[in-house]
Amino acid sequence: MGVGIGGTNANVPRGLVGYIGYYLRQILSILVFHNPVSLEEPMNRGGSWAGDIRDARHAKQLRAAVEALSEAAKQWNSDALYLLGQMNFYGNWSHPRNYQTAFEMYKKLADKNGNATAQHMVGFMYATGFGGAVERNQGQALLYHTFAGLNGDIRSEMTVAFRHHTGIGAPRNCDSAAFHYKRVADKAMEYWRSGPPGGRYTVRHSYRLADDEGGVYGEGASYISSGINKPKGKAQADSAEELDDILEYWDLMARKGNLVATFTLGKMYYDGSRHMPRNLAKARAYFMSVVNKYWTANGKVIPGAPQGAEKWAAQAAGQLGKMYLRGDGVPQNFGTAIMWFERGVVRGDYYSQNGLGFMYLHGYGKPVDIKKAAEYFDAAASQDFAPAQVNLGKILLDEGAYADAIKYFELAARHGNVESYYYLAEIYNSGKGRERSCGMATAYYKIVAERIETIHSPFEWANKAYAEGDIESALVGYMMAAEQGYESAQQNVAYILDDQRSRLPLLNLVNLIKSKTGAKFRNRELALIYWTRSAKQANIDSLVKMGDYYLAGIGTEPDSEKAAACYQAASEFQQSAQALWNLGWMHENGIGVEQDFHLAKRFYDQALETNPEAYLPVTLSLLKLRVRSFWNTLTGGGINDIGAGEPEAKKPWSFREFLQKWNAEVDAANAAAAAAQAEYEAGEAADAGVDENGRVGDIDGGGAVGYDEDVDEDLLESVVIVVLATAVVLLLLYRQQRVQQQQQQQQQQQQQQQQQQQQQQQQQQQGQGGGAQGGGDGARFQGGGWPAPGDVMFGAPQLP
């Protein structure tokens, strides 16, 4: 008889069933001892039996537990199959990873018992070929994921929905995609609504790894960090270090009594962020600090309150009311919530208006009054507050006012409100109030499903593993999320597998193929697959990367035409400077497109216009391009040179050129009219029997018939038009001459007035000089005898 995991022979029951049960209890005790958060993620990973385990006793227990589980698995014990699959796949409890064994355990469990988790894992490994355990087979992947989804596995439901949505492993089927996405969205909203009033607090973990480094191509070169997307400032913290600096600054301002800083700190601690966990106690303290600057304990306004305190105190009151309504960091108390909301409502705070309306709607501390609730919601919605717009939309929807309800849901959707997306998806899917649109319904359901990450997303533990340097575990999590349809996860997988900046040694990637060459190729192939899937979900940098892979033949055969198509799509509306530069280079060298120096320069110029930081590479490229274009001109090459095909700039016509052009056109019109008249007269003469000498013959045996010449009406109209146009031109010329004459006369008059003024000034100066010598009236006369011309005394009899 064997020895038990930590006991004596007396502790080991007899018989096969007793033996299996005993060791299962022991392995469960180990699991409890290690207190794993979830079996669906890596726990206590390690690469050897004893190297990473300090406790030798635990190593011995683990070995014995695995042996016991293996014996139980041979008897098709479901729990043993499941635990062995998890341990071999995730490397939990320091067990070495073995993807082949994990696949065998999962497949046995899935085929024998229909276990949803096992079906999901088998589908995942068929879809990705992860670990080299099985060749990729998209048909088998869809089959197992479909069974898992129908058995209630949310991850597989999302995977099946995404595959039908994009046509992976099956033709695209919008109705099937909408059906599965709706099932996930319904569960997501059920989970969200099961929380406190207003819905559960959700944390976003679906971030792109490349964004932390400025994008796939780095800061300034990637679409996400260049051109119009270039960060204008440090409005957001990109790292924990930057966030600490921001918090330190706002805290300093708050200590100086700045109400904006105090409220902002409270909001930051209440909402939380990627690098800043929520701290409800601090949030409440900051909010109370703001309201205490404006209200006394009994709600009276403090005389001499700081300027602007009314606005920030009202907003802080709305936040405090929300905390007491939900029980966030404080005991839930509807009475206290109403008190804060009513204070905020008096000052027009939209948080308070929505909160008080919500309490009237659901009867929280107030009698149910839908009319009052709608009034409060309307007041907050008019201030463009998304939750209030959704609440008002729900009331209108219950009343059958679909058009108005849709209007408010769409307004709220602009702010990313998850509940508004759900109602819009339901409306588009049912066709009530608006024509049914499967595509719109699917898109909105997908957003809702991906927003509520908690119930299915592996992002949280994948991000943690990546931060800790466990890239293999991170890759597992990101691949799972990528299969579920997360675009950010698809780029993360491609980013890790990318040859040019791979963060994982190729030989240790996932042991896809033993040979170095094979592993390297498989790495590139998977990277291209996920770049492509990310690009199809409108990621510009992934689209450019996709073009790079086709151009260089990475993970596929080289195809310069596909590469050019990718760059062209990424450069539309000048979105990616990198794509524009690539197109310029391709036109310069005639790769994938026709060689054309003129177009190459155009794309280089557009790249610089899109991203001014590309000045140096674009300048160097243009310099080389001009040299090549000059040489092409000298040697008589057949390539389209720079500037070729550009229309010549039109020189503006002078008035003489305009008249010449006009006369030429009139002459041409007259000549055409004369030719037409001559042809008409010749035809009339032939009909009348006139010979070539102008003699008129007899008709019907009669005498001579006179010929009346008809006047061509078109010619008369042309003449009239020409005469009128000439008259208009002459009138314009006459008017222009008159204006010029008047301007000349005015200028002459101004010059005469200026001369007269100068003369008067000189005369006055001279008169003042004479008066000083002779006195009397001599100051008014020139030379003491005659008055100056223009003087009132000029020409009058001289006084005695």
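A residue is called buried when its relative accessible area is under 20%, exposed when that area is over 50%, and partly exposed in between, with a 1.4 Å probe applied to protein chains only. Lys182 is partly exposed on this scale, as its relative accessible area is 23%.

The structure is a predicted model, in which local features need pLDDT of at least 70 and side-chain atom pairs count only at pLDDT 80 or more, while totals for chains, interfaces and linings use all residues. Residues are numbered from 1 along each chain as its sequence is written, and side-chain values rest on heavy atoms, with hydrogens and water left out.

Lys182 has a charged partner in Asp186: their side chains form a salt bridge at 3.3 Å, N to O. The term denotes a side-chain nitrogen of Lys or Arg within 4 Å of a carboxyl oxygen of Asp or Glu. Lys182 and Asp186 stand 4 residues apart in helix α8, which means that about one helical turn separates them. Helices here are DSSP runs (H or I, at least four residues), as are strands (E, at least two), and both are numbered from the N terminus. Asp186 is likewise partly exposed, at 27% relative accessible area.

Helix α8, comprising residues 174-193, also contains Asp175, whose partner Arg436 belongs to the loop between α18 (418-430) and α19 (438-451). The two side chains meet in a salt bridge of 3.6 Å, N to O.

Glu157, Arg183 and Lys187 are linked in a network of salt bridges. Over the whole structure, a search finds 29 salt bridges.

Glu588 is buried, its relative accessible area being 0%. Leaving aside residues up to four places away in sequence, Glu588 touches Gln595, Phe597, Ala600, Tyr604, Lys624, Leu625 and Arg628, where contact means heavy atoms within 4.5 Å.
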